[in-house]
Amino acid sequence: MPELPTVTVYSDGCGLCRDTVSIMRRAAGKDADHVEERRIDDTPKGVISELGIRATPAIVFNDTLAHVGTPTAEDAAVLVKRAEIDRVILRYSIPNSDAVQRFAQGKVPSEATARALANEFHPFCVQFPLFLAAAISHLKDDDTRMLLVHNLYEEHGNFLPERIHPALFRNFCQGVGLKVETLDGHDNHSPGMLAAKMMLDICREGPAVRALAALYPVELLFAPTCDLMVQGLRHLQLSPDAIDFWVLHSGKDVEHAEQLRKGLLRACGSPEEWEQAVGLAEDIAQMFFELFDHIARASFLSSEEQLAVFDEVERLCRDSPAFAQHPVDHKSAAYYTSLQAGKGGRWFLRALGDGERRSLVSRFSVEHSRRLAPGFEVGAAPRVFGKSRIFYHSFEQLKELKDFVRAAFEEEAKHAGSPHDDHVRP
């Protein structure tokens, strides 16, 4: 089971406060030592104000005021589970991203990031109502189903066509200068499309526990993300209509997250189901963080750099026997460029920028990439980008990666024309 974070009961020493500590420790079971009592008189007033504590006993975890008053045993059990799942999700809180913070503070070229955001998040936004509809189809509990039906109703603008959330997002896309008619022709293998596909597959396949466990972290993380997006976009002086999507979701998704959490807790019928739900919620939270973190790095890889990487990779592959039939091509996506085996073919490398470091993402496992690139730093890639990434600092170092580049190119060239993209890489 996931480890319980510290649960703090703010107390004035009264009997109700002591009872609250005892109830929470019983609910925590083997993690009872994670429940602590803190006297309100010994707590700085700034901390009390920041947490919003106005009465005792007050239960706080994950830097959030979760409950005021003495909970029942049932309430305490729910609070313990909420603390567990929120802890693993909030490890991937998007405001923790330095790149997102720089965007919010106007320290990067906001226009490049805004365009990357519009392009990459569009498929996720458009398909979000489909996630909800698919999840609803698995729900047998009336109360939970009604919570999601209400959420779906709001996604459709309370039946006002101009307020449907994908329509609001298209206003944003137009506001940053993109043509709406080009958005649906999105690269099927882009990170945004892969993130949307991952969510839709989970929600369609079910069961209810998995669908709700996938949706909950998205809703929990999205409201504070939207707060930062609004801050960053204001540097562009966009019209109110252009940022309405982000303003609307900055508060609404707090309510939606609470609804989904209630439904998830109802759907989990055993400790094993709960453990699986927490694990999946963490996976989705990590995916969501990585997507926004890399969108926010749009300014780190200029068009000139992307072309320079393409030129060097093409040169490294030119003497490959596969090159004549599948010449290296590329496709830029604002903050990365895809190197493709053949014109319009599938990607074999993605070039990303990250501050002073650059990296090449491949479909190879981390272990195989290490074998092909001894002496280079190799790590796991963000899951919606690929499997492994090799870091380098200069174009001169790219020349030392010829074995790796050639192997990635030739592996993908072997499968060019295949209707599926699921063949196994080493």
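Residues are numbered from 1 along each chain as its sequence is written, and side-chain values use heavy atoms, with hydrogens and water left out. Because the model is predicted, local features need pLDDT of at least 70 and side-chain atom pairs count only at pLDDT 80 or more, whereas totals for chains, interfaces and linings use all residues.

The protein chain contains 16 helices and 10 strands, taken as DSSP runs numbered from the N terminus (helices H or I, at least four residues; strands E, at least two). The C-alpha trace spans about 80 × 50 × 45 Å along its principal axes.

Of the 426 residues, 53% are buried (buried, under 20% relative accessible area; exposed, over 50%; partly exposed, in between; 1.4 Å probe, protein chains only). Contacts (heavy atoms within 4.5 Å) between residues at least 6 apart in sequence join residues at least 24 apart in 69% of cases. The accessible area of the protein chain, from the Shrake-Rupley method with a 1.4 Å probe, is about 19000 Å², and carbon and sulfur atoms supply 50% of it.

No disulfides are counted, a disulfide being a pair of cysteine sulfur atoms within 2.5 Å. The sulfur of Cys 17 has its closest cysteine sulfur in Cys 14, at 3.2 Å, which is too far for a bond. For Cys 268 the closest cysteine sulfur, in Cys 203, is 15 Å away, also too far for a bond. Cys 17 is buried at a relative accessible area of 0%, and Cys 268 is buried at 10%.

Most residues other than glycine have a negative phi, and most peptide bonds are trans. The bond from Thr 56 to Pro 57 is cis, with omega near -5°; Pro 57 lies in the loop between α2 (45-51) and β3 (58-61). The bond from Gly 206 to Pro 207 is also cis, with omega near 0°, and Pro 207 is placed in the loop between α9 (191-205) and α10 (208-233). Asn 158, in the loop between α6 (142-155) and α7 (165-175), has a positive phi of about 55° and is partly exposed, at 40% relative accessible area. Gln 237, in the loop between α10 and α11 (240-267), has a positive phi near 55° and is exposed, at 72% relative accessibility.
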